[in-house]
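My plan is to look up one thing at a time and write down what I find.

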Amino acid sequence: MIKVEDLVKSYGQETILNNINCSFESNDAVVLLGPSGAGKSTLLRCLNGLIEATSGSIYIDGKKLPTDKKGIRLLRKNIGMIFQNFNLVKRLTVLDNVLCGRLSYNPTLPSFFKVYKKEDYELALYYLEKVGLVDKRNQRADNLSGGQMQRVAIARALVQRPTLLLADEPVASLDPKTSHAIMDLLMEVYEEEKLTMIITLHQIDLAPKYSKRILGLNSGNIVADYRSDQVKASDLYQLYENGQETGEDRVYKYEEQRHDR
Ligand SMILES: Nc1ncnc2c1ncn2[C@@H]1O[C@H](COP(=O)(O)OP(=O)(O)OP(=O)(O)O)[C@@H](O)[C@H]1O
C-alpha cells in the first residue's frame with residue numbers, strides 16, 4: 001500500500017503539488033487525469049524518488065520513502081517506470097534494452113560490458129515473448145515503430161520484477177489503435193503479475209476502461225476520486241473544464257469524500 005501524506009512540491013515561488021493526501025491499495029489500477037500542468041507527472045515522479053518533495057511524506061508498505069541515493073536505488077528496484085517517449089537506448093538492440101531493466105540486480109562492471117546472467121537472458125526473452133517482440137530481439141531499437149518501442153519499454157520495466165508500475169502518458173504519442181493495444185497489454189500484465197499500477201493519461205475515453213479508480217488533479221490538488229466502473233463521462237470531462245465550481249470547492253468535496261470512507 002502507498003500512502004501520500006501532506007505532499008507539497010514547489011519550484012521557487014510556484015507550488016506544483018499543494019498538500020496532496022491520498023493512498024493506493026496493493027493491486028490497485030489507478031489513472032491520474034487532469035489538465036496540463038495539474039501536477040500528474042510530478043506526483044508520479046515523487047512516488048519513485050525521481051523528484052524530491054518539498055515537504056510531506058510518502059510511505060510504501062509502511063516504510064517512508066528514502067531520500068538518500070542508496071535508498072532510492074533500492075526503492076527503484078521494485079518500481080517499473082514507463083515514459084511517453086519510451087526512453088530506449090536507440091543504438092542498442094531490443095534485447096539489450098530489455099536487459100537494462102536488470103541493471104539494478106547486477107554488479108556495475110559486468111553490466112557495463114553487457115555480461116548478464118543466464119537467468120537475466122531467460123527473463124528478458126520471456127517478457128519479449130509476452131509483448132510480442134521476441135522475433136525482433138536483435139534489431140536496433142531505433143528501427144522500431146512507436147508502438148513497438150513502447151512494448152520494449154514495457155518488457156524492460158517488467159524484467160525488473162516490480163511490484164509497482166508507474167506509466168507517464170504511455171500512449172500519448174501513439175495512434176488510437178496502437179494506444180488500445182498498449183493499454184490492453186498493460187492491463188494484461190497488471191493482472192498476471194498482480195502489480196499496483198498508476199498511469200497518467202489525457203484520453204478520457206481510455207481512463208475508465210483501463211483502471212479501477214480515477215483520481216482527478218487540478219492545480220496541484222486532488223479534486224476527484226472515482227470508481228472507474230461507476231464514473232460518468234461527464235464527470236471526467238468536467239475535470240478539464242473550469243465550470244462553476246472553483247478548485248477550492250472541489251478540493252473540499254474530495255476531502256469530505258475521503259473522510260466519509
Ligand atoms: N523542473 C521544473 N521546474 C519548474 N517547474 C516545473 C518543473 N517540472 C515541472 N514544472 C511545472 O510543474 C507544473 C506541473 O507539471 P506536470 O508535468 O506535473 O503536469 P502534468 O499534469 O503532468 O501536465 P501534462 O499533462 O501536460 O504532462 C507545470 O506548470 C510545469 O511547468
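These are my entries, from the whole chain down to single residues.

**Entry 1: the whole chain**

I note at the start that this is a predicted model. I counted elements and found nine helices and ten strands in the protein. Next I looked up burial. Of the 261 residues in the protein, 39% are buried. Then I turned to contacts between residues at least 6 apart in sequence. Among these, 69% join residues at least 24 apart.

**Entry 2: domains**

How is the protein divided? I found domain 1, made of 2–78 + 162–245, and domain 2, which covers 84–143. Their C-alpha centres lie 26 Å apart. I then looked at where they touch. Domain 1 puts nine residues into the contact, and domain 2 puts in four residues. Which helix gives the most to the side of domain 1 that touches domain 2? It is helix α2, residues 69–77, with three residues. I sorted that side of domain 1 by class: five charged, three nonpolar and one polar.

**Entry 3: the open sheet**

I traced an open sheet of six strands. Their order is β6-β7-β8-β3-β9-β10, and the pairing is mixed. Which strands stand at the edges? They are β6 (79–83) and β10 (221–227). Each has a single partner strand, so one side of each is left without a neighbour in the sheet. From one strand to the next, the twist averages 15 degrees.

I reminded myself how strands pair. Strands of a sheet do this through backbone hydrogen bonds, either parallel or antiparallel.

**Entry 4: β6 and what it meets**

I stayed with edge strand β6. Its link to β7 (residues 164–168) is made of five bridges, and the two strands run parallel. In this pair, G80 stands opposite L165 in β7. A helix also packs on the sheet here: α6, residues 146–158, touches β6 and β7. The direction of α6 makes about 170 degrees with that of β6.

I picked M81, which lies in strand β6.

I went on to strand β1, residues 2–11. Eight bridges join β1 to β2, and the strands run antiparallel. Y11 stands opposite E14 in β2. The hairpin has two residues between the strands. There G12 takes a positive phi near 60 degrees.

**Entry 5: around the ligand**

Which residues surround the ligand? My list reads Y11, I16, G34, S36, G37, A38, G39, K40, S41, T42 and T200. Helix α1 (residues 40–47) supplies the largest share of the shell, three residues. By class I have seven polar, three nonpolar and one charged.

**Entry 6: positive phi**

Most residues other than glycine have a negative phi.

N27 has a positive phi of about 65 degrees. Its place is the loop between β2 (14–24) and β3 (29–33). N27 has 15 C-beta neighbours inside 10 Å, so it counts as partly exposed.

D61 has a positive phi too, near 50 degrees. I found D61 in the loop between β4 (55–60) and β5 (63–64). How many other C-beta atoms lie within 10 Å of D61? I got 11, and D61 is exposed.

**Entry 7: K63**

My last stop was K63 in strand β5. K63 has 10 C-beta neighbours inside 10 Å, so it counts as exposed. I also looked up K63 and M1, which are 62 residues apart in sequence. In space they are 9.9 Å apart, C-alpha to C-alpha.

Notes
Residues are numbered from 1 along each chain as its sequence is written. This is a predicted model: local features need pLDDT of at least 70, side-chain atom pairs count only at pLDDT 80 or more; totals for chains, interfaces and linings use all residues. Two strands pair if DSSP finds at least two bridges between them. Helices (H or I, at least four residues) and strands (E, at least two) are DSSP runs, numbered from the N terminus. Axes are lines fitted to C-alpha atoms, for helices over the stretch in contact, and angles run from 0 to 180 degrees between N-to-C directions. Two residues are in contact if their C-beta atoms, placed from the backbone, lie within 7 Å. A residue is near a molecule or strand if its C-beta atom, placed from the backbone, lies within 6 Å of it. Ala, Val, Leu, Ile, Met, Phe, Trp, Tyr, Cys and Pro count as nonpolar, Asp, Glu, Lys and Arg as charged, and the others, Gly among them, as polar. A residue is buried if 20 or more other C-beta atoms lie within 10 Å of its own, exposed if 12 or fewer, and partly exposed in between; C-beta atoms are placed from the backbone. Domain bounds come from an automatic or database domain assignment.
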